[in-house]
Structure formats: C-alpha cells, structure tokens
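Please open the model in your viewer and keep the selection panel at hand. Each stop below tells you what to select and what to look for there.

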Number of protein chains: 2
Amino acid sequence: MATRMAMEDMVEACADIDAAGYWSVECWGGATYDACIRYLNEDPWKRLRTFRELLPNSKLQMLLRGQNLLGYRHYEDDVVDRFVDKSAENGMDVFRVFDALNDPRNMARAMAAVKKSGKHAQGTICYTMSPLHTTEGYIKLAGQLLDMGAQSLALKDMAALLQPQPAYDIVRGIKETYGEDVQINVHCHATTGVTLVSLMKAIEAGADVVDTAISSMSLGPGHNPTESLVAMLEGTPYTTNLDGERLGRIRDHFAGVRPKYIAFESATLVDTDIFSSQIPGGMLSNMESQLKQQGAGDRIREVMEEVPLVKADAGHPPLVTPSSQIVGTQAVFNVLMGKYKVMTGEFADLMLGYYGECIGPRNPEVVALAQAQAKKEPITVRPADLLPPEWDSLVTDATALEGNDGTDEDVLTYAMFPGVAPGFFKARADGPKNVGKTAAQMQADQDAASSAAKAVRGPIKYNVTMGGRENIVTVEMV
Amino acid sequence: MATRMAMEDMVEACADIDAAGYWSVECWGGATYDACIRYLNEDPWKRLRTFRELLPNSKLQMLLRGQNLLGYRHYEDDVVDRFVDKSAENGMDVFRVFDALNDPRNMARAMAAVKKSGKHAQGTICYTMSPLHTTEGYIKLAGQLLDMGAQSLALKDMAALLQPQPAYDIVRGIKETYGEDVQINVHCHATTGVTLVSLMKAIEAGADVVDTAISSMSLGPGHNPTESLVAMLEGTPYTTNLDGERLGRIRDHFAGVRPKYIAFESATLVDTDIFSSQIPGGMLSNMESQLKQQGAGDRIREVMEEVPLVKADAGHPPLVTPSSQIVGTQAVFNVLMGKYKVMTGEFADLMLGYYGECIGPRNPEVVALAQAQAKKEPITVRPADLLPPEWDSLVTDATALEGNDGTDEDVLTYAMFPGVAPGFFKARADGPKNVGKTAAQMQADQDAASSAAKAVRGPIKYNVTMGGRENIVTVEMV
C-alpha cells in the first residue's frame, strides 16, 4: 500500500498529523521514491515539497540506504553529498541512515553530508538474529555510529524479530555505555505480533522515541497502532502527550482511504515462522516464485534449509534488501544446480567484499570459488572508495532525456533509477495516477499490470559467473 | 466465527492441541452452547463428549455465567447444581464462573456445585473501568472469591480494557495480599491492540496462566496470538514450554478452515475508542441499529453521551451481556422519549436489585421511579433466593417436546433456551449443518438468513413499564 498511495489520499490528514504531537513524521524515502516514478507518475521531489508545506511544524523524516541512497547500488561520494543536500533543501529534517550489512563505512559519508547540511543525522542499527549477533555487538555498533557523529540512534527491526528482552537489553546497554542522554528511536514492524511488547520493554529501558502507525493503517507487516501505544502507557511513568482527538481524525481519514487500496493488502496478519526460518515473508515468496518459474516449486523446503547455510558462509548478513535477494537467489541456485556450482555476480561480490563487511568471517572456500568464478580480487576497503567520479556523466545522460527539467533533482532521479526515470520524465506532464480512483479501478489496473507482466515474461535472466566468465544465464520454464 | 464453526472443522486439530502443552483448553460453554442448537444443529452435550474423547490428556475448560448458567436469566439453585453435575459427568474439568455485575452471590452456588463434583472452580473478576473501580476493589473481590472456595482466579477482560499498569497492579496486589500460591489466569481480548503488553506485565507480576488463540484465529475481537506470546517470553525468566511444531500444525489447520467462515469475520482489527466511550463495539452497533429502526440514526452521539450517565445511575455495572444491552437500550429510550420517562422492564429490575448488587450505590431517584413504574419492591437478597423450585416443571415441559430424548441433558437445553430447544429437538436427527460447505455456501446461507430476518421483522417490541403497568411497547419504522 505504501508503494501505491497517491499523494491526494494523504493531503487531508496533514493538518492533524502536523499538530498531533509526533516527534517526527516519516513521509519520504525508502521505497516511496521508486514508487512515485514507477507507479504513480508523481515527482518525488514535488511530493517532498508538498509535505514540507502541509507539515510546517513537523520534523520530516526519511529512510536513507547509506551509500546506496534510495537506489540499489553503491554511489560515488559526490552523488551522496548532492542527494543529501537536495533533500535537505527541499525540506527533509531527519535522515535515518542505514546499511544492509551494518557496515559503518557505508553510512559514514551520508551521515557527514547530513551534518554538513545542518540536519539531523540518525545512525541506524539493523536488528537481526544469528549465532554471532549479540547484545554486546549491537552496543559496540552503537558506539561506532556515535563516533561518526550520529545525533541519535535508530534500532531498526524491519522483520519484527526484536523480542522484548533483547529490546530491553540493547537499549539499556547503549544508555549505560554511552550515557542516558543518547537518543534512541526504536522502529519495529508488527509482523510477528510481539513487538508492541518490545516497544514497552524498550521504553522501560529508556528508549526516547518509538515508531507506530495510526490504527487504521496498522498491524500485519506494518507497524503497531499509535492509539494502542498511547493506551499502553497510561498509568505508567511514561506518557506520549499525543492529541487523542487528532489521532481519531487521522484514523478516520485513513480508514476511509484504505478500501481503495485493497488490491495491495497483505494476506499476512501474524507470522512467527521467521523466528525459526530467519526468512522474511517477502523473501520467501520471491524464492517460491523463482522455483516455480523453473518448474521446481516442490523444492522450497530444501531451499529453506539452504538459506541459513548460505547466510553463514557469507558471514551472517542481516536479510534485508539487497542481501535477502542475493542470499535467497544463491540458495535457489545451490539447490537446483549443486552447491556453489553456479554463482550469481551479486553473490560473488558479496563474498568478495564489494557490498562491505559483515559481522562474521566469510567461508574461505566459498571466497576462493567466488574469486575464481568472478575473476575479481577480494577487497577490504570501503566499496565506494573504488568508484570513479560519476556526477558529470550522470548530468550528461540525464539532461539528454526527453522531459528532463534540467534540475539536479532530475539528475538524482535518473542516477537512482536509470531504467525507470526516462519513462517518468516523458510522462511527467500527464500528472499523477491513482487519483480519484475507486477500489474496483485500482484492482482492475493491478490485474491488467500483472497479466501484462506475465505476457511479456520470457525466460528469466540471471547475471552469473561460471568458469571464470560472467554470463547472462537464461532459465526457461519447461 | 465462534458461533458458526462446525465440530468437523475442529476435530483434526485435536491431537496436536491435546499434546501442545496448554494448561487447559477452553472448548465449550459461553455462547457456543446456544450456537450449537441455534445455528449448527449439533447437540452441545455430544460436542462436549467428543472433545473429551479427542482431548484425553487435556483439562477441558468452560465459561459459566454463574446463576445464569449459559442462559439469560437467573435459575433456581437445583437447576444450577444439575447443570454443573451433568457438565462434569460429560467431561468438563475447569469451570470459569463469572457474574456480569461481579456480585459474588451470583457465583456462589455454581462454585459450590463445581467443588462438590470434584472439578476445578475458578472464580472470576470481570474487569471494567469506572470512577469506582479501583485496584483495591478488585483485590477485595479476589478475596471474596477465594473465601467462597475458588481454586484459582480469572481476571476476565472481555472488552480489552485492561491496560498494562493495572494488569500488573491487580495481579501483584492479589499475590501480595493472599499469597504467591494463588493461581491467577488472565483473559484479555485483543480488540484495543494493547493487551499482549498487559499479559506481559501480568506475567511479570506473577500471573500463572494467560489465555491466547492460535495465530491463524487471533487478533481483532479475539485473543492475542499464542506463538507471539511464546516469542515474547524468550530470553526472559518466563517460559511456556509449548511444542512449537504442534502449534505450527494447529495454526495451519485453522488457517485452512478460516476462509470458510469469512462471512462471519469481524471488520474490527483495532479499536481504542472504547477507552473513552466505555461502549464495547458490539453494544455500539446494537444501539445504532435500534436508533435506525426508529428513524433516529442521527442521534447516536447523544446516546453515546447518555450511556455513561445511565451506567452511573445503575451503580457502574461492567458493560457485558446482559448489562450492556440493558444499559444501552435504556440510554436509547432516554434520548428518544425523555429521561427515564419510559423504562424497560429489565432496566427497572437492574435498578431494583433483581440482577444483584453493583459496585456503586444506585441513584435513589431513579430507583424510586423504577419502583413506581414497575410496581415492584427493591430487593437486597440474592436474586435466586426468590425463585421457586423449577426442575420438575422443566422436566415435564421438556419431555413433552417432539424429539426430546428423555435425558437430563435435554431438560437443561430446554431450560436454557426454551425458544430454540423445541426446534432443535425436532431437527436433531438431521445431523449437523455447516458440514462440508464452501465459503460461498456459508455466505449464501448467511445472506438468506439476514434477508429472511428482515422480511419477518415487524415492529420492534420492548417490554416496558410505564405509569406503573408493564406493557409491550411496539415501535415501528416510519
């Protein structure tokens, strides 16, 4: 739903959101930028400026994937600086900077840029579970982020794995190690049904800010309900000071909007399997569809057993975008073609350090295989250190596109989504989609889009290194 | 859904439920008995015996409305004794005995009968919020239940109003006052989204047993998910020792069953309005439909403001069946016809003590009005003390019905549901409904039933005392 909701469906709630008493309003970044140009024909920069105007008293907040910005590769530092500057200039206040591998080097440049812009740099710990992830390790990472100048810390639990006791222990440990004044924001999804309790324990341990969603947009893979959190704290030494009447109106607004997007509702309300499988729901369905497309839908159990082994070989990366796709696809390949017989280019890069460092050592045998197959040396430096300057060529390429408006913002849009931006620039003048539509129209659009996707889907292509050469391997259903 | 699920849809999960490690399995009583004969054409006693057979290692548990048994009026003591005896004989182990007004006198006879049968008598505190309900008051009530011989206590939060801090305070207070050995079971619905946290705090305070539902049947107006509770406690000093594999199979079973009953899904996922309005969701929709039927749908706000006033006049009864209906209907009457100008017979009875004692004093002016309108004296004795013996006449009436099988069980079915039992006895031989049906068939049945109900709905009848005479007042839509 977050990737389909039209700006017009949020505008009316803004006055109440602005005055309800939130610490910040996360309203941009993450996957929404991609969604704006891919599905909504909305200019994401214009959306940011609109929020700035409609929420004059609020701190606007975004999620930023460190050196990846909002794209899916590492960018050279100058691009990072320019993206942060433009975001600040257009109205962003709080930058929650994270890296999928928890490698501080991938967050450093973005954090420095945020501080230089005078905005709030929030350093992020991605929470996951593995034999190597310990409370002490998370406390140590918090220290590294503070050393890098983080003005606050986020404990980010994207898979709803943060149980109450570790939530308490990590927050308390950080406070006791670095001082009670260190601001800690706790961000838990609700998927496993347990994380409102984790927020309670985090608050008892001293957490300063926690993330919620208004009740009519809450639960499932989303967040815990704001109003329930308010009720949770009544009678305790903690309080939210939120305006209940405004919360009620925000709730009613989105309760009215939600039915329009029913085609994008998640079927998952509670899922605790992830505690044992370590496989987030989205990753599982991706792997299932990969297997089915190769006529091997019955081998999902084998793949599920393979995932933790591949994850361990890679040094236990948290499984989030993009590491979840990289590990999941390699697990599928291992089951279908034999253990590491065929390696994806991305997995070889992960094994050779091109995404950064994980918490654990990588399996040296698999590193050697990756080195041999990819004909690349392993690296230990910060991946972006190897990138040549790219801004000027991005400007050249972007400005050559039909419909480009000549701004740095458009260059950044092209930089992050070179496949999608050309179409968006061309169609931008048509204005936003998903405006004034009924649920039935939204459903019909979605059905049409997915049958179009099926119709054009040929053999699936993988970028694979095999016998030392990089190949595009195509796999066809038979 | 609880009132429509066919026995056949539960049978396959029983082996796993029996061995999963639950303290008890609540599987009978409450509204299910009524539902068996009203909607399912299943003999509730046969259902109980089937559960006994399929769950040989489990304690079977039921909810019993004290002197009301599973019906909607007070029964004479002999009927109470016989119902408890027959339930025990057919396999029931744990009787959770409650009274809507928290009047211990309405629970005493049932509790004594349970103890005499050698089964487990659990005394129940219905949790509600009012200016008069205090932690100290609940602790005192716990003592009264223990004095009556309760072998354990239930803290029953049917409206999901129990917030974490009072949950902690009440459980801790009971333990500190009456000893750490007093067993406390905490029962919270999930409606307000906050009660899994309340269970956590109750456990920290020493609660021994908490109630949950398997995740695929959890949340909304139901209970918190079992698997989330298990995850919640990992790493804490508390543990559940439940068998995760069996929980997974129970979940999968009911995930498969649930779509069949989609016509009976609740639209409510989270609702925190009840904290301020004190009006449970079911009660609100009842009042709305009463108002609409009288062409006054626009006056719901006035009625919502009237409810707390009527509740206060009555001495702050918890709002559960039947007190929620009695208070809600009187609030509607007050708005439509003037304050206490017309009183329902039930409300007059409530004001005159015929349902028992509430926590607070009743408004003497309204008592006087009730006395004048109903031409009845207020009472202070236990209501059932005024009832003449009724078993023999129940036997006579029940055995005269076509299809009656001559057992005491059938007499009890007739005693509790004299309007429904005759039809059930006659149709019983046809066997269970809702067996082998698809979701579409279930939906079609439901649509047919509700349009039939609309078709036969004439003017609405109320039992009203007016100017001292008891009348049936009929109200027609215009």
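Residues are numbered from 1 along each chain as its sequence is written, while chains are lettered from A and ligands numbered from 1 in the order in which they are written. This is a predicted model, in which local features need pLDDT of at least 70 and side-chain atom pairs count only at pLDDT 80 or more, whereas totals for chains, interfaces and linings use all residues.

**Confidence.** Then select residues 454-461 of chain A, where the pLDDT is below 50. For the complex, the predictor gives an ipTM of 0.89 and a pTM of 0.91.

**The sheet.** Helices (H or I, at least four residues) and strands (E, at least two) are DSSP runs, numbered from the N terminus, and two strands pair if DSSP finds at least two bridges between them. Select β1 to β7 of chain A, seven strands that form an open sheet with parallel pairing, in the order β1-β2-β3-β4-β5-β6-β7. At the edges are β1 (25-29) and β7 (209-210) of chain A, each of which pairs on one side only. Next, select β3 (residues 94-97) and β4 (residues 120-126) of chain A, which pair in the parallel sense over four bridges; A:Arg96 has A:Gln122 in β4(A) as its bridge partner.

**The core.** Which residues touch the most other members of the largest nonpolar core? Among its 263 residues, they are A:Leu153, A:Ala202, B:Leu153 and B:Ala202. Such a core is a set of buried Ala, Val, Leu, Ile, Met, Phe, Trp, Tyr and Cys residues joined through C-beta atoms within 7 Å, and a residue is buried if 20 or more other C-beta atoms lie within 10 Å of its own, with C-beta atoms placed from the backbone.

**Between the chains.** Select both chains: 25 residues of chain B are in contact (C-beta atoms, placed from the backbone, within 7 Å) with 25 residues of chain A. On the side of chain B that touches chain A, the largest share, four residues, comes from α10(B).

**An enclosed helix.** Finally, select α19 (residues 408-416) of chain B, which is largely enclosed by the rest of the structure because eight of its nine residues are buried. The buried residues include B:Leu412 and B:Tyr414, and among the elements that cover the buried residues of α19(B) are α3 (32-40) and α20 (421-427) of chain B.

Methods:
Buried ≥ 20, exposed ≤ 12 C-beta atoms within 10 Å, placed from the backbone. Contact = placed C-beta atoms within 7 Å. pLDDT = per-residue confidence, 0-100.
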